[in-house]
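I want to know what surrounds it.

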Amino acid sequence: MNTFKPVLTEHIGQPDCHTLSFYKSVGGYTALEKILKMKPEDVTQEVKDSNLRGRGGAGFSTGVKWGFIPKDSNKPKYLINNADESEPGTFKDRLLMNKAPHQMLEGMIIAAYAIGCHTSFIYIRGEFYKEYKILEKTIAEAYENNILGQNILGSNYNLDIVIHRGAGAYICGEETGLIESLEGKRGWPRIKPPFPAIEGYLQSPTIVNNVETLSCIPHIINRGSSWFKSIGPEKGPGPRLFCISGCINKPGVYEEPMGISLKELIYEKAGGIPDDKQLKAVFPGGSSSAILTAEEALDVKMDFEDLVEKKSMLGSAGVIVMDETVDMVQACLNIARFYAHESCGQCTPCREGTVWLVKMLTRLVNGGGKPNDIDMLFEITDNIGGLIDFSKGSYGKTICPFGEAVAWPVRSLVEKFKAEFLEYLPEEKAVA
Amino acid sequence: MNSNGKSMQGFTFVDPERVEQIFSQYPDKKSATLPLLHLAQSQHGYISNSVINTIADLVDCHPAIVMDCVSFYTMLYTKPQGRHIIQVCQTLSCSLNGADSLVDHVMDKYEIKPGETTADDRFTLMKVECLGSCGTAPVVQINKEYHEGLSTQNFDKLLESFE
Ligand SMILES: Cc1cc2nc3c(=O)[nH]c(=O)nc-3n(C[C@H](O)[C@H](O)[C@H](O)COP(=O)(O)O)c2cc1C
Ligand code: SF4
Ligand code: FES
């Protein structure tokens with residue numbers, strides 16, 4: 001694996017790397033030229049063969065998802081690029097939009113062509129104003145050069161791309177919450193099924209893909225699905241942008257092959273922990289993933305399968321590192337507060353449960369904890385998102401996976417660092 | 001546009017061409033709601049009732065529906081804000097890298113709490129959730145711009161640059 005050369009970020013850092021002329025000088029839009037001569041279903045097949053899995057969080061096969069678009073439907077088809085990037089610990093899509101926007105755009109056009117879409121949206125979080133302005137320019141350049149609009153590059157394919165700004169709501173990153181938001185409503189996720197590929201935006205077939213997922217597409221077309229599959233584990237291959245933040249010497253985005261060890265990522269790539277402090281815990285895939293203890297973290301590979309085996313997940317590959325000085329109860333409260341603030345309020349266990357977690361943890365931190373608080377914390381998290389044990393089938397207590405996204409980190413924190421939680425109990429009560 | 005004869009007081013967009021352009025981008029009217037709200041807020045500073053009425057008229061729905069949407073999003077303000085909005089990220093990576101002292105600094109320096117505006121309307125302070133820039137924690141957004149990797153000293157200097 002020493003031979004890995006960055007794919008998505010190869011040219012990032014060169015002057016004007018965001019411009020069309022630069023992108024073309026490094027082979028940009030040749031994949032588009034190629035696929036415009038292919039049958040759409042062959043494009044989908046190539047992506048399916050690459051085993052590309054979504055980079056937004058759920059890790060679903062991209063080609064398989066595109067294949068769900070009904071062939072016989074005469075409704076319009078929509079492609080939505082999910083640029084909501086709001087999972088705590090995640091900041092890779094922002095880099096791609098800033099530095100390689102045409103790569104993402106080319107991926108979008110190819111995806112749109114494959115599913116028969118003529119109007120596509122970029123749903124970008126409202127706070128990313130600078131990136132929004134960059135994308136406006138990117139799209140304008142593309143229209144001026146017949147890369148978007150009517151009869152793209154002399155083919156008879158037409159596509160318009162619209163940038164839609166969000167307005168500050170984490171839940172609008174969830175694909176059905178996003179679709180509701182795009183329709184001009186509050187971002188309340190929908191019950192699935194029907195899945196968006198069947199009934200999405202305006203009840204029409206819709207594919208939602210993440211910025212990084214789409215950015216992989218031109219490379220798969222240019223270099224072939226077998227090349228892509230040869231990078232990292234075959235079942236979930238490819239280059240991956242790992243975001244490293246928290247207590248770390250060199251925080252940032254690192255492009256590495258899927259399956260790199262977390263140890264190498266932290267200690268070799270990102271320079272280890274400041275002041276040589278000890279590692280205490282890591283969120284491997286954003287704050288919605290179950291936490292890993294130092295021991296677990298040093299023994300895990302950053303791919304879909306290995307992290308599931310460790311009862312966590314790769315999620316958005318947002319690695320949050322915590323050193324020995326971090327108070328895990330405070331960290332837990334911080335995370336719980338995030339979810340209480342961001343719950344859309346639609347499902348009772350999630351709406352009420354997240355608020356209860358914050359209240360109980362605040363009371364605990366302030367010295368007012370009760371002996372059975374630990375059990376209560378377990379009970380509440382299990383009520384919101386079920387047990388962490390995947391084999392027991394924990395899904396289904398809430399409308400969207402946000403329920404699991406709060407239950408897993410909180411429950412795993414309490415479970416794995418229980419002693420710290422107990423220490424917060426007032427002394428006379430802790431005896432039991 | 002308004003049929004109730006109150007158009008004198010009603011909100012109107014100063015750039016009707018932009019409004020038209022927004023509508024032309026979507027297959028249905030209601031999808032234009034959020035972009036119109038953004039446009040209105042950039043013109044008016046916040047979303048007043050008359051903004052809601054005007055947009056409801058334009059997208060053909062009851063004002064309560066637009067209000068429902070407005071109340072859901074943290075970036076849409078239903079009250080006037082200070083000239084500069086300071087948004088300090090308080091989520092984990094920023095918190096681990098000193099975000100709390102940035103909040104404290106504003107609180108001490110300008111004697112406001114999160115959610116409040118200084119008496120001279122210069123600043124509104126807000127604590128916000130992850131801004132998607134955790135690699136450069138702690139992060140503060142002031143108005144539209146991100147300021148990354150701030151120390152209390154840099155932050156203080158930065159604040160002074162806003163009138
Ligand atoms: C609570 C929640 C928040 C999410 N936030 C994001 C996000 O910010 N960006 C993103 O791409 N996907 C996010 N997702 C995943 C999307 O629902 C969806 O699976 C993804 O955009 C599909 O694209 P992909 O297959 O290319 O990964 C989120 C999911 C949940 C449950
Ligand atoms: S689980 Fe939470 S965020 Fe998801 S729909 Fe239910 S209330 Fe909303
Ligand atoms: S935690 Fe502050 S930007 Fe992500």
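**Pocket notes**

I began with the second largest pocket and looked up which elements line it. In chain A, helix H7 (129–144) and strand E3 (160–165) each supply at least two residues of its lining. I note that the model is a predicted one.

Next I checked the volume. The second largest pocket holds about 1,100 Å³ of space. I found 42 residues lining this pocket, and the closest to its centre are Tyr129(A), Arg165(A), His38(B), Ser42(B) and Lys144(B). I sorted the lining by class: 18 residues are nonpolar, 16 are polar and eight are charged.

**Cavity notes**

Then I turned to the cavities. How many cavities of 30 Å³ or more does the structure hold? I found two.

I took the largest cavity, with its volume of about 80 Å³. It has 13 lining residues, and Cys344(A), Cys347(A), Cys350(A), Cys400(A) and Phe402(A) are the closest to its centre. I sorted this lining too: eight residues are nonpolar, five are polar and none is charged.

The second largest cavity has about 40 Å³ of space. Its lining takes in Pro88(A), Gly89(A) and Ile320(A). I also listed residues of chain B there, among them Cys89(B), Cys130(B) and Cys134(B). Which helix gives the largest share of this lining? I traced that share, three residues, to helix H5 (residues 92–96) of chain B.

How values were computed: Residues numbered from 1 in each chain as written. Chains lettered and ligands numbered in written order. Predicted model: local features only at pLDDT ≥ 70, side-chain atom pairs only at ≥ 80, totals over all residues. Heavy atoms only, no water. 1 Å grid on protein atoms, 1.4 Å probe; cavity = no way out; pocket = protein on both sides within 12 Å on 5 of 7 lines; lining within 4 Å. Points joined across faces, edges and corners; volume = space filled by probe spheres on them. Nonpolar A, V, L, I, M, F, W, Y, C, P; charged D, E, K, R; others polar. Helix = DSSP H or I, 4+ residues; strand = E, 2+ residues; numbered from the N terminus.
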